[in-house]
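Dear colleague,

I am handing over the structure below, and would be glad if you could look through it before reading my notes, which follow directly after.

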Amino acid sequence: MKQTSLSKRMIEFSPFLVGTMRLGKWGEDFSTNQWIAFIERALELGLKDFDHADIYGDYTTEADFGKVLKEKPHLRHEMQITTKCGIKMPADNRPEYKIKSYDSGEKHIIQSVENSLRNLQTDYIDVLLLHRPDFLMNPNEIAETFEKLKDDGKVKFFGVSNFSPSQFEMIDKMFPLVTHQIEASIRYLYPFEDGTLDQLVLKNIIPTVWSPLGGGKYLLKGNSKEEQDLNQILKKLIDKYELNTAQLMLLFLKRHPSGIIPVLGTSKTERLEEALKVESKTMEKEDWYALYSAAKGEELP
Ligand SMILES: NC(=O)c1ccc[n+]([C@@H]2O[C@H](COP(=O)([O-])OP(=O)(O)OC[C@H]3O[C@@H](n4cnc5c(N)ncnc54)[C@H](OP(=O)(O)O)[C@@H]3O)[C@@H](O)[C@H]2O)c1
C-alpha cells in the first residue's frame, strides 16, 4: 500500500480548467477549426488545463479534440489533459452496455485509458479521474491499476469525481490523489457543509469544481421570494465589485480556503477572458455570507 505524501501531489493547475463537455456533440458541435481557435485562445490566456471524459458527446468529444492535436502536435506540450473513466453508458458506439452502470475494475480502467489515448491522439494523460463512485469498487485493485498506468507512463496523476468524503479517503489512503472534482456553486452548496471541502483543506488537495455557474441556469427569473432576495444581493455585489453575475459566482467559489479551481463550461473565448478578471479580486466575508444565505433561502442559524 502506498503512503500518502505531499510530494506525490505535485501538480499545478491553471486558475480555471476549460471544460469540453458542451463543445462537441453534447453542445456546440465545434468544427475542427472552431476547436483549434478555441484551444489556441485558451492557451494564449494561460488556461492550459482541458477537462474531458470518455463519455462526452456519447464517446466522441475526445476524438474531436484529438483531431486538433493531430493537426497541431506542438500544442500537446503546452497543455494538461484531464479525462475521466468509470461510467458505462449505453450509446450507439457501445452496444455492449445495456444499462448505465459504474465500473472501476482494472479491465475497464485500462481499456478506457487506451481508448482515451487513441482518441485524444496523445501518448499520456495528465490527470485521470474516476468519474463516479462505483459502489462495488475494490480500492486495492484501483491502486494497483493506477500504479501500473503510472509506471507505464500512460497517466501522470490520478483523482476522483463525485465521491463522498469516506469514498475519497478509501482510495486516497491506497494511492495519493491530486484532486477531487465535485459539483459546487451558489446553486449547489452541499460540499460547503457535508465535509467534502473540509477534507480537501485538511489534505491540501485542490478541488476542481464542475458546473460553477450551475450549468448556466444562474439567470434567475425572480419568480419566488428566494430568487428575488438572491437577485437583490447579486445586484448590490455587481455594483460593488464591478463584476457580472457569472463572475461573482466564480469569485464566490474562489473565496473558499481550499483553493477551488472552477471548470468553466463556456463555449465562448470572451467568457474565458471574463472569468480571468476575477483573479484580481477577493470577496469580503460578509458579502460571501450574504450570498450564501440568500442562495440557501434562509438566514444562518
Ligand atoms: N465531473 C463531473 O461529473 C462533471 C459533470 C458535469 C460537467 N463536468 C465538467 O465541468 C465543465 C463545466 O460544467 P458546466 O458546463 O455545467 O459549467 P457552467 O460553467 O456552470 O455552465 C456552462 C454553461 O453556462 C452558459 N453560460 C451562460 N452565461 C454564461 C456566462 N456569462 N459565462 C459563462 N458561461 C455562461 C454557457 O453557455 P455559453 O457556451 O454560451 O457561454 C454554458 O452552456 C464541463 O465542460 C465538464 O468538463 C464534470
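A residue is taken here as near a molecule if its C-beta atom, placed from the backbone, lies within 6 Å of it. This is a predicted model, in which local features need pLDDT of at least 70 and side-chain atom pairs count only at pLDDT 80 or more, whereas totals for chains, interfaces and linings use all residues. Residues are numbered from 1 along each chain as its sequence is written.

By that criterion the ligand is surrounded by 24 residues, the closest being Gly19, Met21, Leu213, Gly216 and Gly265. This shell divides into seven nonpolar, 13 polar and four charged residues, where Ala, Val, Leu, Ile, Met, Phe, Trp, Tyr, Cys and Pro count as nonpolar, Asp, Glu, Lys and Arg as charged, and the others, Gly among them, as polar.

As to the fold, the protein chain has twelve helices and ten strands, which are DSSP runs numbered from the N terminus (helices H or I, at least four residues; strands E, at least two). Eight of the strands close into a barrel with parallel pairing, in the order β1-β2-β3-β6-β7-β8-β9-β10, two strands being paired if DSSP finds at least two bridges between them.

Finally, the C-alpha trace of the protein chain spans about 50 × 45 × 40 Å along its principal axes.
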